[in-house]
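Please walk me through this structure in plain terms. I would like to follow how its parts meet and where the local details lie.

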Amino acid sequence: MPRFESVDHLNQYRRQLKAKFDPNQLQVLVCAGPGCLPLGSNALAEAFRAALAERGLNGKVVLKSSGCQGLCAKGVRVLIRPQEISYQKVAPEDVPEIVETTLIKGGIVDRLLYQDPVSGEKCVHKSEIPFYQRQQPIVLRKLDVIDPESLDDYLLLGGYRSLRKAFFEMTPLQVIEALERSGLRGRGGAGFPTGRKWRICREAPEKVKFLICNGDEGDPGAFMDRAVMEGDPHAIIEGMIVGAYAIGASQGYIYVRHEYPLAVKRLKLAIEQAREAGFLGKNILRSGVNFDIKISQGSGAFVCGEETALIASIEGFIGEPSPRPPYPAQAGLFGLPTVINNVETWANVPEIINMGPDWYAAIGTENSKGTKVFSLVGAVNHTGLVEVPMGTTLRQIIFDLGGGIPGGKEFKAVQTGGPSGGCIPQHFLDLPVDYDSLQEVGSIMGSGGMIVMDQTSCMVDVARYFINFLFEESCGKCTPCREGLRQLVHIYNEIINGRGEESHLALMEDLCTAMRSASICGLGQSAVNPVLSTLKYFREEYEAHIFRKKCPALVCRPLIKYTIDPDICTGCLACVRECPVGAISGIRKEAQEIDQELCIKCGLCYEVCQFEAVRRE
Amino acid sequence: MDVARLEAILSRYEGESYDLIPILQDIQDEYNFLPKDELKEVAKRLSVPLSRIYSIATFYKMFSLMPKGEHQIKVCLGTTCHLKGGQRLLDSISSRLGIEVGYTSKDGKFSLETVGCLGSCAQAPVMMVDDKYYARVTVDKVPKILKQYQ
């Protein structure tokens, strides 16, 4: 990779890459995204490598590990280009057949194709799969076709093109105006207009300014930032360079969770590549812009996703938030003006510059422009990453893209926005999703986690789960959050243990009001959302727990009972071996029995029983 | 205290107080915990009070003041994993190893931890042993997974 001294030099290199690129080149892209990686992407890629070598196809077929290909439910995914054949649930055993049938003979391996659950029809090409058809990828656009470790792949698809336009055709203020006109709002959750944030920072009198990319994706159920950091790291860097030019910063930071080791590795590599190529460093492409990026790793604290806590963490302190104002754009890192945007926000910037703000603003709703990436997980057939225009309805996302609820079960709720979001019930399924509409129904956009729940989820348990999570993650600095959460945890435990009282419901609402108005940061202020939304939409479940001492979804341990059906039990003793308290006994090959006094209701017997002999009521 | 071992870490940094967390991260990775003598030396070299180091070591989850096991088991209790039986998975591992969350097994082989979310929600419940992910871990898969490390 040369060091690019000018835009002409870069363009010339890109032309060479394009001239060398054969559009008919056979490529095998093995998905190594967050969903497929734990299913064995690396072993699959190795199997392809060995098979290609064995069949003498090394020079003829290019093998790559790509970023997330979206439809994680059907991993490991493999994309064959240029035909765009999309195979799913591919295992190393399938490799010889794919090599023989598809790569050598040009045919299709039918059993590895996506099959429509309703019509039974099979889809050969990615573009025919309904999951992909309704998406409009901007941020995820390159994830399934590039090798995230190759700068050439990124350049070939127009990477770092926005620098020419920003540096040489626009003033910094014009870049900011373009961002303002595009309507881009922060993708980390709060939705603050990005252009306005940049302007505040630019106009601050201090000379030294900083940029931060917030990659501390802590919301359980959200993995879009991980997928982008691992799958298209240069897009984030490119966005940050444009931002540095616009606000006049010379140092940037990317703050990544240490729980994402691959993201850290890929970002480090991309930063090195960008330095070597002259996209980072002094006088970038002879524009006079000096900018470099450091990686700062989180150490495992959810609250550090909050911007002032994150800044404290980079400065070498514990992650305690500070009251705002002043906002980081006025006084942030080391007390200096700092723009802090989320991964997805930065990754949108290059395309807004390339295509123009009006193109971007034409997508989405009146006050929420562009697209949003959602991680669609939980009780839904097509779990995975989706990117849709703002204003797409929940029903379209969950049923059209997501393929509905598995196992013939019914939709109960969708939880958006991470632990600080709310649970949205069925009668809002036709809600067009944007920042404002979600807030109106008592939830938030958050970073874009979307967790679908069916009738087997207990909403009291779900709310308790979030409150417990937030209680453990609360930094403890301000009383309303620290003590409010402690009391909520206590009340939830009472309810779930069959000691709930009617007065608890009003008390919870009171606590929530105080926490919302008096907590220092977003963690405490929005922690009330899971409580209030479930109290509002699923009150009958609270009442069942409190008045009837029953958990209708059969989730809350103290309110349920496990028994073994003697007519079904084969006496295989699988449950006996698993029971941690030795509560199950009986003669081998005969029906077993659970001692209700000893049973701790952990449900392990229920899970290991192959014969469905364990009853839960 | 092995001075050279600590020196190798400190030499990567300029020695400013904002280097504190990255230095502690490196010590944690190198030693598998934060040994007291090393922390005292870091406090001296960066001119920060030991109490600040203690506050950081106890605030952030990745740090441990006690030696961790040879293999780190992280059971995900993110929302999706919670809904799909992450707690049962945790109970099963905990009872098999005879340790509670946050502890290390007597033979020093395993430390058991929970994590807020590993970001592989589509394959819930998920667990990690060191840097390896395990997908859709039902409790019957636990013995086989643990065996590889025993």
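Helices and strands are DSSP runs numbered from the N terminus, a helix needing at least four residues and a strand at least two. The model is predicted. The phi angle of A:Arg286 is near 60°, a positive value in a residue other than glycine. A:Arg286 is exposed, at a relative accessible area of 57%.

A:Glu84 also has a positive phi, near 65°, and is not a glycine. Its place is the loop between E3 and strand E4 (85-87) of chain A.

One runs from A:Gly75 to A:Val76, with omega near 0°; A:Val76 belongs to the loop between strand E2 (61-66) and strand E3 (78-81) of chain A. Another joins A:Pro325 to A:Pro326, again with omega near 0°, and A:Pro326 lies in the loop between H12 and strand E10 (338-342) of chain A.

Helix H9 (residues 224-231) of chain A is a case of burial. Of its 8 residues, 8 are buried, so the helix is largely enclosed by the rest of the structure. Among them are A:Met224, A:Arg226 and A:Glu230.

Next comes the interface. The size of an interface is often given as the accessible area lost when the parts come together. Between chain A and chain B the buried area is about 4000 Å², and carbon and sulfur atoms give 57% of it. On the chain A side, A:Pro38, A:Ser299 and A:Glu607 lose the most area to chain B, together 15% of what that side buries. Counted by residues, the contact takes 56 from chain A and 41 from chain B.

The rule for polar contacts finds 30 residue pairs across the interface of chain A and chain B. The elements of chain A that give two or more residues to the side touching chain B are helix H12 (307-314), strand E11 (371-378), strand E15 (449-454), helix H17 (459-473) and helix H24 (604-608). H17(A) supplies the largest share of that side, 6 residues. By class, the side of chain A that touches chain B has 31 nonpolar, 14 polar and 11 charged residues.

There are 4 salt bridges between chain A and chain B. One of these pairs B:Asp91 with A:Arg557, at 2.9 Å from N to O. Another salt bridge is formed by A:Glu578 and B:Arg96, whose closest N and O atoms are 2.9 Å apart. A:Glu578 lies in helix H23 (residues 574-578) of chain A and B:Arg96 in helix H6 (residues 86-97) of chain B, so this pair joins two chains. A:Glu578 is buried, with a relative accessible area of 7%, whereas B:Arg96 is partly exposed at 38%.

Over all chains the count comes to 44 salt bridges. Within chain A, the side chains of A:Arg395 and A:Asp430 meet in one, at 2.9 Å from N to O. A:Arg395 is in helix H15 (residues 394-401) and A:Asp430 in the loop between strand E14 (423-425) and helix H16 (435-440), so the pair ties together parts 35 residues apart in sequence. A:Arg395 counts as partly exposed, at 36% relative accessibility.

Within chain B, B:Glu70 forms a salt bridge with B:Lys109, the closest N and O atoms being 3.7 Å apart. That pair links distant parts of the chain, 39 residues apart. Salt bridges that share partners also join B:Glu7, B:Glu41, B:Lys44 and B:Arg45 into one network.

Which residues does UniProt place under the feature "binding site"? The unreviewed entry gives B:Cys76, B:Cys81, B:Cys117 and B:Cys121. Although spread over 46 residues of sequence, they cluster in space, with a largest C-alpha distance of 9.2 Å. B:Cys76 is in strand E1 of chain B and is buried, at a relative accessible area of 2%. Its contacts beyond four places in sequence include B:Cys81, B:Val115 and B:Cys117. B:Cys117 is in the loop between E2 and strand E3 (127-129) of chain B and is buried, with a relative accessible area of 2%. Leaving aside neighbours within four places in sequence, B:Cys117 is in contact with residues of chain A, including A:Asp219 and A:Arg257, and with B:Cys76 and B:Gly78.

Notes:
Residues numbered from 1 in each chain as written. Chains lettered and ligands numbered in written order. Predicted model: local features only at pLDDT ≥ 70, side-chain atom pairs only at ≥ 80, totals over all residues. Heavy atoms only, no water. Contact = heavy atoms within 4.5 Å. Buried area = accessible area lost by both parts, 1.4 Å probe. Polar contact = N/O pair within 3.5 Å; in protein donor to acceptor, adjacent residues only side chain to side chain. Nonpolar A, V, L, I, M, F, W, Y, C, P; charged D, E, K, R; others polar. Buried < 20%, exposed > 50% of the residue type's maximum accessible area, 1.4 Å probe, protein only. UniProt positions renumbered as here; feature names shortened; annotations may be inferred.
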